[in-house]
Amino acid sequence: YAQHEDGREHMQHLLASMPQWGTETYNVLLNMHGKANDVEKVKELLQKMRDEQVEMNEVTFGTLVTVFGKQQDTSKVKEIIEFLRQKEGGAAISSRFYSVLASTLSKAGDVQGVSDAWDDLMASKLAPDTEVYNQFLA
């Protein structure tokens, strides 16, 4: 709906009426613009999140990995991974994030990146489920 003219107007009105955007709002917008291949808007929203010090969560990171991976921008994907590694107190992510990461890097042909993601997953002490194992083995 938001991709159509009427929907865009409604969405812009709604967003303008919100005094502050939270993580969930940003996640929806990042996902929407990512699916529309509007990477510049995704980068703009990401910068706005950082400027406003809005907390990023597992959905944010997974969305960003997916968007940049779809664009074959593995350097940006690796930047996100590095951000996660350096995040004070660590990021609250699950093994499912690593599944998204492995899928994205695999589709980009980054075999070393998939291997590094596996090492990170093992170092995290998270318990991967069958879906996560299958993603790494695919």
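User: Where is Gln72 found?
Analyst: This is a predicted model. In it, Gln72 is in the loop between helix H4 (58-70) and helix H5 (74-86).

User: What is the phi of Gln72?
Analyst: Gln72 has a positive phi, about 65 degrees. Yet Gln72 is not a glycine.

User: Does Gln72 count as buried, partly exposed or exposed, and why?
Analyst: Gln72 counts as partly exposed because its relative accessibility is 47%.

User: Now Lys125. Where does it lie, and what is its phi?
Analyst: Lys125 lies in the loop between helix H7 (111-124) and helix H8 (130-137). Its phi is positive, about 70 degrees, and Lys125 is not a glycine either.

User: Is Lys125 buried or exposed?
Analyst: Lys125 has 73% relative accessibility, so it counts as exposed.

User: New topic: rings. How many aromatic pairs does a search of the whole structure find?
Analyst: The search finds five. One of them joins Trp21 and Tyr26. That pair is edge-to-face, with 5.3 Å centre to centre and 65 degrees between the planes.

User: Are Trp21 and Tyr26 buried or exposed?
Analyst: Trp21 and Tyr26 are both buried.

User: What about Phe97 and Tyr98?
Analyst: Phe97 and Tyr98 form an edge-to-face pair too. The centres are 5.6 Å apart, and the planes are at 75 degrees. Phe97 and Tyr98 are both buried.

User: Which residues do ring pairs link into a cluster?
Analyst: Trp118, Tyr133 and Phe136.

User: Back to Trp21. Which charged end sits over its ring?
Analyst: That of Lys48, 3.8 Å from the ring centre.

User: And which residue lies over the face of Phe68?
Analyst: Lys76 does, at 5.7 Å from the ring centre.

Key:
Residues are numbered from 1 along each chain as its sequence is written. This is a predicted model: local features need pLDDT of at least 70, side-chain atom pairs count only at pLDDT 80 or more; totals for chains, interfaces and linings use all residues. Side-chain values use heavy atoms; hydrogens and water are left out. Rings of Phe, Tyr and Trp (its six-membered ring) pair if their centres lie within 6.5 Å; planes under 30 degrees apart count as stacked, over 60 as edge-to-face and the rest as tilted. Buried means under 20% relative accessible area, exposed over 50%, partly exposed in between (1.4 Å probe, protein chains only). A charge sits over a ring if NZ of Lys or CZ of Arg is within 6 Å of the ring centre and within 35 degrees of the ring normal. Helices (H or I, at least four residues) and strands (E, at least two) are DSSP runs, numbered from the N terminus.
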